[in-house]
Every structure is written in structure tokens, then in C-alpha cells.
Amino acid sequence: MGCRDVHAATVLAFLSGTASVAGLLAAVLLPNWRQMRLYTFNKNEKNVTVYTGLWIKCARFDGSRDCVIYDPQWYTAVDQLDLRVLQFALPLSMGTAVSALFLCLVGMCNTAFVSSVPNLKLARCLVNSAGCHLVAGLLFLLACAICLTPSVWVIFYNNYLNRKYEPVFSFDVSVFIAIASAGGLFFTSIMLFLWYCACKSSPSPFWQPLYPHAPSMHSYAAQPYSARSRLSAIEIDIPVVTHAS
């Protein structure tokens, strides 16, 4: 694995993380977290399906794409606990994943454009590629946990609603999008961890997440060796002889 170059693993991780964030955004905005089917026994009327999202609610007749009832203020009156939790969890997961994407991008840019020889004066302040990718992997894993837990809870809470009321509730496509996005975040973190584990055996201190001390330049280039350096610590007195006339 080319640790000193931008490797395919880090590029794939960045693309996977970007796709996962896009999936989370779609899951947050789509009004398709829960469906409620309302049946009628009147042959002159149509059944109604209520689509519930995190922010809006829409009621449609069967075979129609237009909302008979559209409630844009639904987010202020959510009466279902799982959706209320998702209103906070998914934006938090997105923010965490975006921060991880930024760190991953910084790590790739650092690998591609920064000199391989560190500056001794800035060695303690440098954020190296390994540190960026390692922290980004941890953030992706955290974002996965924040997203996955309440998304899976929707499935169990849906069964609870069917037992408590009537079997008219079903979870919708946004649940699958959120779970798939969480899987993408987990895959992204695994890719970054694998890259770090493969590269940390390199002798260069650039593959350590933090510098315990300023790296020595002996690791990168041989120091010039002169004869004067061997005599630098030895004082030599040369006597001066004068002849009296």
C-alpha cells in the first residue's frame, strides 16, 4: 500500500462517506418514515395513506400523487417518540460525518502536497495524514452509531404502534435509506482503519497520530560529517616559541 501517496483506500473511503452523507440528507428530507393506511368501506370513496416524515406530513388518496392534506408544521407537533428522537439524531449524525469528511480531505491533501520532510520547529503542531484519517475513522464510526440506533428503533416502535392501536402502520423507504447510509459510514470507517493499520508500521514518524517529541532529521537524511566535528570538543594549545636577540 502506497502510504506516502493518496491511496485508493482513502479515496474510496472519501467517496463512500460523501454518498452516505447524501443518503442521510435524503432520509432527513423525505416524508417517508411511516405510513398509516386508512381504509373505507364506502365504494364511492378511496382509501387514504398518510405519509409521515420528520418535518412534514402528507395525506394522499390511493392512485394520486397530490397531497390532500399537507402539514408543513408537523415538526413542531410530532407525537411519536421515535420520530422526535430522529429529528435530533440524524442532523447530529450528519454533522459528525461532515466533520469526518473534512478531516479525511485534509489528510489526503496533506499526503499529496506536503513535503515528506517535517519542519522541526512545527513538528509538535503538525496534523499528519495518519492522525487525520484515524480521527476521521472514529468520527465516521460515531456517526454510524448515532444514525443506526434510532433508525432500527423505528421498526420496533412501528410494531408497538400496531399492537397498541390497529395494524395500520408500516415503516417506509426512509428507514432503509438511513440504515443503508449507516452501513456506508461503517464501511468508510473500516477502510480508514485498515489504511492506518497498514501504514503505521512505516518507519517514518509521519504515520504516528501524534508526535511524542520532535522527529529527528537523522530519520530522513544523513548528516554531513567533517573532520572539524571530531575536534570540536578538544582544546589544542599550540605553544609559540620566540627567539631573544
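Helix H1 (residues 8-29) packs against helix H4 (residues 173-199) in this predicted model. Contact here means heavy atoms within 4.5 Å. From H1, the contact includes Ala9, Leu12, Ser16, Gly23 and Ala27. From H4, it includes Ser174, Ile177, Gly184, Phe187 and Trp195. The residues of this contact divide into 12 nonpolar, 9 polar and no charged; Gly counts as polar.

The two axes, lines fitted to C-alpha atoms over the stretch in contact, come within 8 Å and cross at roughly 160°. That makes H1 roughly antiparallel to H4, a term for angles over 145 degrees on a scale from 0 to 180.

The whole structure holds 2 salt bridges. Each is a side-chain nitrogen of Lys or Arg within 4 Å of a carboxyl oxygen of Asp or Glu.

| Salt bridge | N to O distance |
|---|---|
| Arg34 and Asp82 | 2.5 Å |
| Arg37 and Asp62 | 2.7 Å |

Arg34 lies in strand S1 (residues 34-38) and Asp82 in helix H2 (residues 81-113), so this pair ties together parts 48 residues apart in sequence. Arg34 is buried at 1% relative accessibility, and Asp82 is buried at 0%. Buried means under 20% relative accessible area, exposed over 50%, and partly exposed in between, with a 1.4 Å probe.

Arg37 is also in S1, and Asp62 sits in the loop between strand S3 (57-61) and strand S4 (69-71), so the pair links parts 25 residues apart in sequence. Arg37 is partly exposed at 22%. Asp62 is partly exposed at 28%.

Residues are numbered from 1 along each chain, and side-chain values use heavy atoms, without hydrogens or water. Local features need pLDDT of at least 70, side-chain atom pairs count only at pLDDT 80 or more, and totals for chains, interfaces and linings use all residues.

Definitions and conventions:
Helix = DSSP H or I, 4+ residues; strand = E, 2+ residues; numbered from the N terminus. Parallel < 35°, antiparallel > 145°, perpendicular 65-115°, else oblique.
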